[in-house]
Amino acid sequence: MTVRALGILLAATLWATAAFPATTDRGPVTNLPLPRFVSLKAAEGNVRRGPSLTHRIDWIYQRRGMPLEITAEHGHWRRVRDNEGAGGWVHYSLLSGVRSVIVQRDMLDLLAQPTEGATPVARLGYGVIARLGECLPEWCRLSAGGHDGWAPKSAMWGVAPDEVRE
């Protein structure tokens, strides 16, 4: 193998390592935890096949506040996946650190207290996007449609099962 070929191989390996970290738990660009949840800041967001404007747009997210999970970073690009497992690369400017969740159960009761049998204050339908507040080991406080209440983590996507938030 020539010196030039070794240099190309080394450059490609370094780029692949930076673009697609194998087992790191911190992003190489932001030094924030990977994976982590964010939300879509814009009303629309192009999802690309790779981390640049030259890559093809596979689809467009069209729900402001939609929760997404960042799984990788490369420059100004974040590889994300949604609640259905679909993913791609999104420019970081389209994402927000404001947390939201998507309801994964039809007619989910928001409860006044984080306990079974508490008084329902509202009911959310499947697919509703709610703002995420405080989270206990099994419950999270949600806000949607002018209503605030508690719901079990198992009924939503956008928060880690072991995540606790104040």
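Colleague: Is Tyr 61 buried or exposed, and what is its relative accessible area?

Modeller: This is a predicted model, in which local features need pLDDT of at least 70, side-chain atom pairs count only at pLDDT 80 or more, and totals for chains, interfaces and linings use all residues. Residues are numbered from 1 along each chain as its sequence is written, and side-chain values use heavy atoms, with hydrogens and water left out. Buried means under 20% relative accessible area, exposed over 50%, and partly exposed in between, with a 1.4 Å probe and protein chains only. Tyr 61 is therefore buried, at 5%.

Colleague: Which residue forms an aromatic pair with Tyr 61?

Modeller: Rings of Phe, Tyr and Trp (its six-membered ring) pair if their centres lie within 6.5 Å; planes under 30 degrees apart count as stacked, over 60 as edge-to-face and the rest as tilted. The count by this rule is 2 aromatic pairs. One of them is edge-to-face, with 6.4 Å centre to centre and 75° between the planes, and the partner of Tyr 61 in it is Trp 59.

Colleague: How many residues apart in sequence are the parts that Phe 37 and Trp 157 tie together?

Modeller: Phe 37 and Trp 157 form an edge-to-face pair, 5.2 Å centre to centre with 85° between the planes. Strands are DSSP runs (E, at least two residues), numbered from the N terminus. Phe 37 lies in strand 1 (residues 36-40) and Trp 157 in strand 14 (residues 156-157), so the parts tied together are apart in sequence by 120 residues.

Key. Helices (H or I, at least four residues) and strands (E, at least two) are DSSP runs, numbered from the N terminus.
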